[in-house]
Amino acid sequence: MTELSATPWLQITGKGDLQLTVHVQPGAKTTSCAGIHGDALKIRLHAPPVDGKANQALVAWLAKTLSCPQSTIALIRGQTSRRKTLSIHTEQADALSRQLQALASD
């Protein structure tokens, strides 16, 4: 796994996929990125933390924001936690990492 400069929340795996660490705040007024929270990207989700709805909303929002299919995003750690690790299978890791870094700095 290679770490991108100054982004401990975003790595490129040996397979060329992205691994993203997020801190989720479910039940927010709107779904949006809230910048950096420690060593994770903070995402506010409108969906409640009930029956996996927040996880589904997170994957759907990331797919829409990054313009990639939901099937390329997998939740690999933190199904019931606020801290989650996601894997994004992509051929465009550099482009998506730039998008994510821009999103974090907004």
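Student: What share of the contacts between residues at least 6 apart in sequence join residues at least 24 apart?
Tutor: That share is 42%. Keep in mind that this is a predicted model.

Student: How many helices and strands are there?
Tutor: Two helices and seven strands. The order from the N terminus is β-β-β-β-β-α-β-β-α. The radius of gyration is 13 Å, close to the 13 Å the globule rule gives for 106 residues, so the protein is as compact as a globular protein of that length.

Student: What does the C-alpha trace span along its principal axes?
Tutor: About 35 × 25 × 20 Å.

Student: And what percentage of the residues count as buried?
Tutor: 46% of the 106.

Student: Now the inside. How many residues has the largest nonpolar core?
Tutor: It has 27 residues. Leu 20, Leu 41, Leu 62 and Leu 100 have the most contacts inside it. Elements giving two or more residues are β2 (10-12), β3 (18-25), β5 (40-44), α1 (53-66), β7 (83-88) and α2 (93-105).

Student: Which element gives the most to this core?
Tutor: α1, with seven residues. In general, nonpolar side chains in soluble globular proteins tend to be buried together.

Student: Back to Leu 41. What is Leu 41 in contact with, leaving aside neighbours within four places in sequence?
Tutor: Among its partners are Trp 9, Leu 20, Val 22, Cys 33 and Ile 36. Leu 100 and Ala 104 are also in contact with Leu 41.

Student: Let's do α1. How far does α1 reach from its first C-alpha to its last?
Tutor: 20 Å, over 14 residues. That is close to the 20 Å expected at 1.5 Å a residue.

Student: Which residues of α1 are buried?
Tutor: Ala 54, Asn 55, Leu 58, Val 59, Trp 61, Leu 62, Ala 63 and Leu 66. The buried residues of α1 pack against β3, β4 (32-37), β5, β6 (73-77), β7 and α2.

Student: What happens just after α1?
Tutor: Ser 67 takes a positive phi of about 55°.

Student: New topic: charges. How many salt bridges does the count come to?
Tutor: One. Arg 83 pairs with Asp 39, with the closest N and O atoms 3.0 Å apart. The pair links distant parts of the chain, 44 residues apart. Arg 83 is in strand β7, and Asp 39 is in the loop between β4 and β5.

Student: What are the relative accessible areas of Arg 83 and Asp 39?
Tutor: Arg 83 is partly exposed at 40%. Asp 39 is partly exposed too, at 35%.

Student: Last one, Gly 27. Where does Gly 27 lie, and is it buried or exposed?
Tutor: Gly 27 lies in the loop between β3 and β4. Gly 27 is exposed, with a relative accessible area of 53%. Leaving aside neighbours within four places in sequence, Gly 27 is in contact with Leu 45, His 46, Ala 47 and Pro 48.

Student: And how far apart are Gly 27 and Ser 81 in space?
Tutor: 14 Å, C-alpha to C-alpha. In sequence, Gly 27 and Ser 81 are 54 residues apart.

Terms used: Residues are numbered from 1 along each chain as its sequence is written. This is a predicted model: local features need pLDDT of at least 70, side-chain atom pairs count only at pLDDT 80 or more; totals for chains, interfaces and linings use all residues. Side-chain values use heavy atoms; hydrogens and water are left out. A nonpolar core is a set of buried Ala, Val, Leu, Ile, Met, Phe, Trp, Tyr and Cys residues joined through side-chain atoms within 4.5 Å. Buried means under 20% relative accessible area, exposed over 50%, partly exposed in between (1.4 Å probe, protein chains only). Helices (H or I, at least four residues) and strands (E, at least two) are DSSP runs, numbered from the N terminus. Contact means heavy atoms within 4.5 Å. The expected span of a helix is 1.5 Å times one less than its number of residues. The radius of gyration is taken over C-alpha atoms; the globule rule is 2.2 Å times the number of residues to the power 0.38. A salt bridge is a side-chain nitrogen of Lys or Arg within 4 Å of a carboxyl oxygen of Asp or Glu.
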